[in-house]
Amino acid sequence: MEGETLPRNIQLFIMMKKNYNWLQPGTLTQRRWAGPKQAIFFLLYGSLPAIAFGNPVADKPLFYADVRMTFPVKGSVRNAQGDPIPGVTIVEKGTKNFTQTNADGLFTLTVKDEASIIVLTSIGFASREVPAAAFARGPVVLAAAEKRIDEVVVVGYAKQKKANLTGAIASVSGEALEKRVSPNSATLLQGVLPGLQAVQSSGQPGADGAQLLIRGMGSYGSSNDPLIIVDGIPGSMPTADNIASVTILKDAASASIYGVRAANGVILITTKQGRPGTATLTYHVNMANYQATKTPDLITNSADFMELWNRAAVHSNSEATDRYQQSDIDKYRASNGADPRYPNTDWMSLIFRNALVQSHALTVSGGTDKVTYNLNFNYLSQPGVAAGYNFDRFTSRMNVEAKVTNAIKAGVNVSIGYSKTKSPAGDLLMAAFTQSPTYGPYLPDGSGRLTKYAFSAIEFKNNRNPFLILNGGDVRTIGLNMQLNPYVQVKFTEWLTWDVNASLSAGYGKTKAFNTPQSTYDWTTGNQIEKAVYASYTGQGLRVTDNNSINPIVYSTLNFHQNFGRHSIGAMAGTQVEYSKSENLMGYRPDYISNLTQEIDAGGLTGIQNGGTATEYALVSGFGRVNYGYANKYLLEGNLRADASSRFAPGYQWGYFPSVSAGWRILEESFIPKISWLSETKLRVSYGKLGNQGTNNYPYQSVLAPTGLYSFDNATINTGLARSGLVNRQISWEETKVFNLGLDLGLLENRLMITGDWFKKNTTGILRRQQVTAETGFSQSSPYINGGEMTNTGFEISVDYQNTIGKLKYGINGNVQRYKNTVTKFGAEQIQASPYGPSIIREGIPYNSYYMYVWDGIFQTQAEADASGQSNSPKAGDLKIRDISGPDNKPDGKIDGYDKKVVPGVFPSFSAGLTITAAYRNFDFSAFFYGSYGQKAYVYGPGFEPFYQGSVPTKEWLNAWTPENKSTTLPAVYNSQRYNSTWSTYPNTWFLQDASFTRLKSLNIGYTLPEKLAGTIHLKSARFYLAGENLFTITKYKGLDPERALGAGNYLTYPQNRIYSAGAIVKF
Amino acid sequence: MKGKYLLLSAIAAMSFISCKKFLDKVPLDKIATDVYYTNQTQIDMALISCYSRMMRGGWDGNIGADMNVCSSNAIFDCFGDNGFIKWGFLGITSGNLSPANTATQTIYEGSYSSIAIFNDFIYNLESPKVDFLQQAARQKYIAEVKFMRAYVYFTLTNLYGDVVLTLTPEGPDYRPARASKDKVMAAILDDLDYAIASLPNDPYMNGHVVKGAAYALKMKVLLYKGDYAGVVSIWSTYFNTANNKFSMSPKYYDLFRGPNQPKNPEIIFSAIYVPDQRYRNDIDITLTNYADLLASDDLLHAYEFNDGTPFSTTNPKYDPSNEYNNRDPRLKYTLFNSLEISQPGSPYYGKIAGGNVTGKLIVKKFVQDELLPAQVSGSDQDAVLLRLGDVALMYAEAENALNGPGNKVIDAVQMVRGRADVNMPPLPVGLSKDAMRDRIRHERRIEMAFEGQRYFDLMRWRLMGDIIPRIVDPNGVRRVWDNKNYLWPLPTSALSKNPNLTQNAGYPRL
């Protein structure tokens, strides 16, 4: 009966060392037996030969004996350059028998026999399987890991080989991300994952995260944020040194397993786990110098400023008192900054400074064959480059996993984060922009008293001395976030596993905004002007807000995978339940005597306020996946998720999100001739449906809300209650259908990989407010409907080349993405002044397209201005607007609403990233360029418009139009608050600037100590590096930073940072 | 062992789906509509939300989120000849009134938001679920809210002419056309007649609308319609009888601010200040700290000398060192004297417009010295919406138009001129009817400056074309007038959502 299978009615009792287990007949693959029926059976259990005794037809257990042999292996493991690799995990395949290489790359391990397969794995290297006998023939070489098709990537609720992927997925390892230095790991994703747009709109400490957008803006009714999943649970980005890998799911096939929250794509993050072997302690320190990428070049010469003011005052017809006297100008001119009474104050330099930012990370990682752990502790101290800002953060992540039995694995991921943020309680940057250079922050008498202005008649409208804001108080926020994420994985058999994953997230935040009145003095007279509060955000006193939230989640999946000859079949099914509740509580008291007592009880009792509310939601889901592969050639996958959300009325709660995808690895076909330089060609196609419920928690419910307060007697306050809006119970999910066509090419033995994807993403049933007539009384709180439609089409291409020449290893990775947004259904068009400047929502064009008058030069003569048809009574030197059309669709000599035009540029036409890496001997180098092209920004307000709320103009205004200097690009200087300027009457393209840019985002040069040298000082390894961020930028943009241009087109947002840093990563 | 795992799976799966109520989530801080209006406490709360709308003055978007009716009234005066708003507000005074202007939108939409709340209240109070109330109590509730609805519609139709008349709660598909102004005025009078019939004839003491307020508003509606007989009739059947519950305040100052304002016998209806609700852009801060709203020279020169002679620099009463001397005392109650606020040592020094007040006419009428604001308002005054002085002048205007200038007219005007702390001489006897009409109009301007009457008075008298081009603003710009501006344009936002709306003559839809 040799070669026959064991009868199915027999149970084998297996004894393996100390573990006793029932072995299921079905698990004995490729088993044989030999000899007579009732005697000894030779079996193969996995790769283990075994002997069983007993009667195969008897209905009782067979006794099993372990008959393993022993074979000692002494081996050496080296890299391609011939250097030993320490810390390589050496495992005898199919067993738990393992060891690690030492600092010299050597190991010894006793295995069963010389045919035993030994698996070598090490971070940064491609795994290899080698027969035990091979080590006798000399060192085994491990090739550096590259982004290659055998790599396993994380997908929704599972892992998959890259070769088997059929959806549109991009991934990056944590190692690649760590090359950049940024306090906020979301910004590290910029430019490295094609299809993901990451825009860092501010460098403000604690608020410097990037806005993430996958494949464009998909909805105008709901959130456009991608879903971020950390180790299977919705969460937020962990710190960079905890990230093992990041994967983005872009198309419906890969994302639909996340159903109702996947319409904006999904970002999957896995965190680092420990590995069996000796423990490693890693200390990573980084010291960085931060400075603003750009501050505006304002006029700081007081005499120049005063003369320009007078010029602007004349042009703006302002009152005769609104001029600096020539005698005063002369005093400043004579002083030229030398006389402290007549200074040339550079307010920018008083506010902006270099900041030393430091981060320390300590990681302890290791484990035994039973338990592995990775413990990370991270501290960041980030003072702002602008005075008054600070951010401190402590985070810890502890991942522990235990093998309970051969079949059961259990673990827990714990993360704790604590942060402290400080920022000024008023608009500090606005204040800094709006001070004249004619006075300093403190009286010149050295008394330390704060000023407000030097020339009361003119400068009284200056916003506020920024030091008044800094002295008066601040806003302090603390945040404490905890997540406990236990999980159990049961491996029933090789082909069936069951996962249960739970998470409890709790968040607590407290914000204290404090302000006391400050006395201000007249610079010239020294007289007190007033005592007042200068923090526009908060008013006087203390406002404390407590926020807390709790968010439990449980999911469970059953995973099946089995090969049947050339057929490979996988299936997964799961359920998930989620609940969330958020609460807040606010208390306020207005009157405090000093800055010393900043607690609620210390304040006076008049005018106290309080408030608070709570909201909750729940989500129940079921999901499944089936995939099928034939001979690694034809790949098919189907996904389905069903979600029910508490945000919709019973009957409208369930949504179903299916997707299908297919892949064809063309080179596997026998009829395709082998092409030497082509190593992989895969065509992928997918189609499916995703959902979006990113709306408020109660969009369908008809409720009465506290509306208005009234008092009948000037004493008792009564709260009113009224219907809060019109509602529509019949709303449900937004749906996004995505069609994706992709091609993966591997060339030159996969040294060159090219991936391209084309997509069309169509969102229907956008949850937006119905356009209800004003006459219903609820046009501002109209019901939600599934009303709008929007389409995004685009493509992404990424090219990756990795090669080694001698001791030089180098790589080039570039990607380009482009998408086009179109509103396909909206209703009546909507013209608006925000969020990106004058814009329009109209069907057939991108959402929020710029819509404005067209700038047509500068009036060179008064006659030209008088004949213009502009209603703002323009003068020579003012901006000229083009007469495009009129009521009869032709120019009518009048500049009015008919002359506005849609101007492209609200979204970039494409963006690109380029990473160059190189390593030579112990040196490594990486550079990352990022660019965005075709986007425009509407720039206006303080810093750009002269004298806006008293703001100081930039130096270029010194060359503004005058009758003698007939500029054709820069209009005559005006006082933007006192003049019926072209800007306020005719928002126009003069203010719309090209925000295209190319920027050296990051540069990193490292040196790793030779291992022998490291070993002599008892280190496993040590790497030192210099890194820079935002080192240079090529742009035509005149504003501050083109990268954060959109929606922040004035000079008032906190600048981005240029970072020079040095760091060390030392392993013990 | 296998069985154990399966059992575990089953338990886990069961626990996920067992709880059907898991997905039933309702707002935790709000009440569902179907259980509302089922007891009197709830009705009282709903009534509060109606009254709170009166605090808003129709618009709440353009100047600041929390502006109240008192500021809004003062700003309306700046569209006439009394004052100036620094931002060229609305473009009204520069001939640029546009349907795209956000202020035309917020007034229009804000008014209909108020009307929707009123309609909801009236509709529910008339429904059977409120049968538990006594009929008289029920009618009083309805009458109070119908008065407020009439008040808002009256402003709306005065600004926009024909307007949509919505009197019941409407759903999301409501696309009404405009009703004629006559029809709107008829609906306003219906509401007011209901209010007159159902409200108690009390003095205005507890903040609720009283019968006298409904009479006073009806008088104003009839005056705007030109129904002088109707105006005179209300005067002679109510205000000039023993039923009248109101009397003149001996002090002009007490009407607008200070501890004697509450329960002042002259006030017929007001929007009451809500304690501790400091409005960032309320009237006092708008007037003083920001000095965004200034009086015009034209108004300064309109105040008579205290002997009743018109202002002139050649009049012997003119004091070039201080032109506030020897003038109608209401001048110093209404406007700051820049001499008094720009001197170091004055209680106002430095607190107003950053101390830079030279040549600026800052309004004092609503500013209480001890509550002078800094960044946040210090106001605690009620916004007076109807008062007996207004009623007396309305009667005088109608009586003169109907029966000519007689003692009845002079006596009515003297009610305001003869107030103890004003003490101006009576209007002369023997004026022609037209001369008397002009003196009454002048008196109305002086007595009610910045109370939100002047703009609407000039509009109904059709005097904008004569007066507005005479005004030169402090920034040196002369005002312009276009007759189409007798009506405001309907806002683009409303027109774009409702194809059945028409635009007023002379304005584009965009």
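A residue counts as buried when its relative accessible area is under 20%, as exposed when that area is over 50%, and as partly exposed in between (1.4 Å probe, protein chains only). Keep that scale at hand for the exercises below.

This is a predicted model, in which local features need pLDDT of at least 70 and side-chain atom pairs count only at pLDDT 80 or more, while totals for chains, interfaces and linings use all residues. Residues are numbered from 1 along each chain as its sequence is written, chains are lettered from A in the order in which they are written, and side-chain values use heavy atoms, with hydrogens and water left out.

**Exercise 1. A buried pair in chain B**

Task: Find the partner of Arg444(B) in a salt bridge, and decide whether Arg444(B) is buried or exposed.

Solution: 
- Start with the criterion: a salt bridge is a side-chain nitrogen of Lys or Arg within 4 Å of a carboxyl oxygen of Asp or Glu.
- Asp457(B) meets that criterion with Arg444(B), at 2.8 Å from N to O.
- Because Arg444(B) sits in helix α15 (residues 433-447) of chain B and Asp457(B) in helix α16 (residues 454-460) of chain B, the pair ties together parts that are 13 residues apart in sequence. Helices here are DSSP runs (H or I, at least four residues), strands are runs of E (at least two), and both are numbered from the N terminus.
- Finally, apply the scale. Arg444(B) has 2% relative accessibility, so Arg444(B) is buried. Asp457(B) is buried as well, with a relative accessible area of 2%.

**Exercise 2. Other salt bridges**

Task: Work out which residue pairs with Arg138(B), and where the two partners Glu599(A) and Lys512(A) lie.

Solution: 
- Arg138(B) forms a salt bridge with Asp131(B), again at 2.8 Å from N to O. Arg138(B) counts as buried because its relative accessibility is 9%.
- In chain A, the closest N and O atoms of Glu599(A) and Lys512(A) are 2.6 Å apart in their salt bridge.
- That pair links distant parts of the chain: Glu599(A) is in the loop between β33 (567-589) and β34 (609-630) of chain A, and Lys512(A) is in strand β29 (residues 496-515) of chain A, 87 residues away.
- Glu599(A) has 48% relative accessibility, so Glu599(A) is partly exposed.
- For the overall picture, the structure holds 62 salt bridges over all chains. In chain B some of them form a network, with Glu266(B), Arg387(B) and Glu451(B) among its members.

**Exercise 3. Helix α7 of chain B**

Task: Check the length of helix α7 (residues 211-225) of chain B against what its residue count predicts.

Solution: 
- The expected span is 1.5 Å times one less than the number of residues.
- With 15 residues, α7(B) should therefore span 21 Å, and its end C-alpha atoms are 21 Å apart, which agrees.
- Just past the helix, Gly226(B) takes a positive phi of about 85 degrees.
- For context, chain B has 18 helices and five strands, and 60% of its 510 residues count as buried.

**Exercise 4. Where chain B meets chain A**

Task: Describe the interface by its residues, its area and its polar links.

Solution: 
- Contact means heavy atoms within 4.5 Å. By this rule, 75 residues of chain B and 77 residues of chain A take part.
- Buried area is the accessible area (1.4 Å probe) that two parts lose on being put together, summed over both. Here it is about 6,700 Å², with 62% given by carbon and sulfur atoms.
- A polar contact is a pair of N or O atoms within 3.5 Å; within protein, one must be able to donate a hydrogen and the other to accept it, and residues adjacent in sequence count only if both atoms are side-chain atoms. Between the chains, 13 residue pairs are in polar contact (both at pLDDT 80 or more).
- One salt bridge crosses between chain B and chain A. Its partners are Arg723(A) and Asp120(B), with the closest N and O atoms 3.3 Å apart.
- The elements giving two or more residues to chain B's side include α1 (2-17), α2 (40-54) and α4 (102-125). The largest share, eight residues, comes from α4(B).
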